[in-house]
Amino acid sequence: MIRWIRVAVALALALALSASVYWGYTLFLLATGLIVFGVAYGWPRLTDSPQPRATSIMLFLFGVAGLLAAWRDSSAPYLDWLPVLAGLGLLWTFVQNLTRGMGASDAVANVSAQVAGVVISLSASTWVAAITMPGEKEAIVVGLVSLIVAGCMTALPWPAIYTSPLAIAMSTAVAGILSVLIFQHAITVPVALVLGAIMGLLVAGVDRMLGLIAYSQYQAVSLEISQNIELKKSVEKARSFAVQLALGAAPIALGGVVVYALERIAL
């Protein structure tokens, strides 16, 4: 049942983005801010960061900086500052981990996890770039619907050997149906099918690469040092929710890269 929390999180974020496509640019920017917040809060708990608060602050600041940079950029490709922010995020990650001391444990794993978090957090800015580009915006809605459908398939209580192909097939089919029945004048069927297939593959990949961490042994310091059973239970519940929050927000953030790339190439 807990796997459906990530679907609920993804659905809420997708609805916020889809609605704000038609309600206004400022609301869309705020909706992408929710994605950044979800990644920033959940990612350090998902990866058992030894500095969860500092990592959350770092991810949130860089994510918001990426959104504002894409929003203020007035010319294509609207992501000119993204490499600079990624480089600064990498530098911050090394400095932050150096503050733990030269003999800190699992330094390589923590640096790698933080760098991956920076990449995912900055990926949310591609949604802003996608809506800034001239032309129809229905590809955004089709991509978001495909993400949700694929997420529902991966949340089914079946082995991944069944849910992953099902996620790809269903997201592809739904994207094709939307392009034929609703958005026939805005997005062609081949582009919609490609978009749906990539979104399904993205969700299935995130589920396989990151989803297993949700069932790993809790390693948070607060759990190790706590002797109070009730406190342990509350920390476990808080971490479990944060893990599902990250797993729900990460595919939405990365999905912006797919929509933006297809808009640049095919639309």
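Me: Among contacts in the protein chain between residues at least 6 apart in sequence, what percentage join residues at least 24 apart?
Reply: The model is predicted, and a contact here means heavy atoms within 4.5 Å. Among contacts in the chain between residues at least 6 apart in sequence, the share that joins residues at least 24 apart is 75%.

Me: How many helices and how many strands does the protein chain have?
Reply: Read along the sequence, the chain follows the pattern α-α-α-α-α-α-α-α-α-α-α. The count is eleven helices and zero strands.

Me: Which residues does UniProt list for "transmembrane region", and how much of residues 107-133 is helix?
Reply: The unreviewed UniProt entry lists residues 28-44, 56-72, 78-95, 107-133, 139-158, 165-183, 189-206 and 241-262 under that name. In the model, residues 165-183 are 89% helix and 0% strand, with the end C-alpha atoms 25 Å apart.

Me: Why is helix H6 largely enclosed by the rest of the structure, and which of its residues are buried?
Reply: A residue counts as buried under 20% relative accessible area. Helix H6 covers residues 125-132, and seven of these eight residues are buried, so the helix is largely enclosed by the rest of the structure. The buried residues are Ser125, Thr126, Trp127, Val128, Ala129, Ala130 and Ile131.

Me: Leaving aside its neighbours within four places in sequence, what is Ile140 in contact with?
Reply: Leaving aside neighbours within four places in sequence, Ile140 is in contact with Val21, Phe28, Trp127, Ala130, Ile131, Val259 and Glu263.

Me: Which helix gives the largest share of the nonpolar patch on the surface?
Reply: The patch is formed by Phe37, Tyr41, Ile57, Phe60, Leu61, Trp92 and Phe241, with about 670 Å² of accessible area together. Two elements give two or more residues to it, helix H2 (25-46) and helix H3 (52-72). The largest share is three residues, from H3.

Me: Where does Val191 lie, and what separates its C-alpha atom from that of Ala139?
Reply: Val191 lies in helix H9, residues 189-210. Val191 is buried, because its relative accessible area is 13%. Val191 and Ala139 are 52 residues apart along the chain, and the separation of their C-alpha atoms is 9.1 Å.

Me: How many salt bridges does the structure hold, and which residues form one?
Reply: The structure holds one salt bridge. Its closest N and O atoms are 3.0 Å apart, and its partners are Arg6 and Asp207. Arg6 lies in helix H1 (residues 3-23) and Asp207 in helix H9, so the pair ties together parts that are 201 residues apart in sequence. Both are buried: Arg6 and Asp207.

Me: What percentage of the residues of the protein chain count as buried?
Reply: The chain exposes about 12,700 Å², of which carbon and sulfur atoms supply 72%. The chain has 267 residues, and the share that counts as buried is 51%.

Notes
Residues numbered from 1 in each chain as written. Predicted model: local features only at pLDDT ≥ 70, side-chain atom pairs only at ≥ 80, totals over all residues. Heavy atoms only, no water. UniProt positions renumbered as here; feature names shortened; annotations may be inferred. Helix = DSSP H or I, 4+ residues; strand = E, 2+ residues; numbered from the N terminus. Buried < 20%, exposed > 50% of the residue type's maximum accessible area, 1.4 Å probe, protein only. Patch = residues over 30% accessible without salt bridge, like charges linked within 9 Å, V, L, I, M, F, W, Y side chains within 5 Å. Areas by Shrake-Rupley, 256 points an atom, 1.4 Å probe, with all protein chains shown as cover. Salt bridge = Lys/Arg side-chain N within 4 Å of Asp/Glu carboxyl O.
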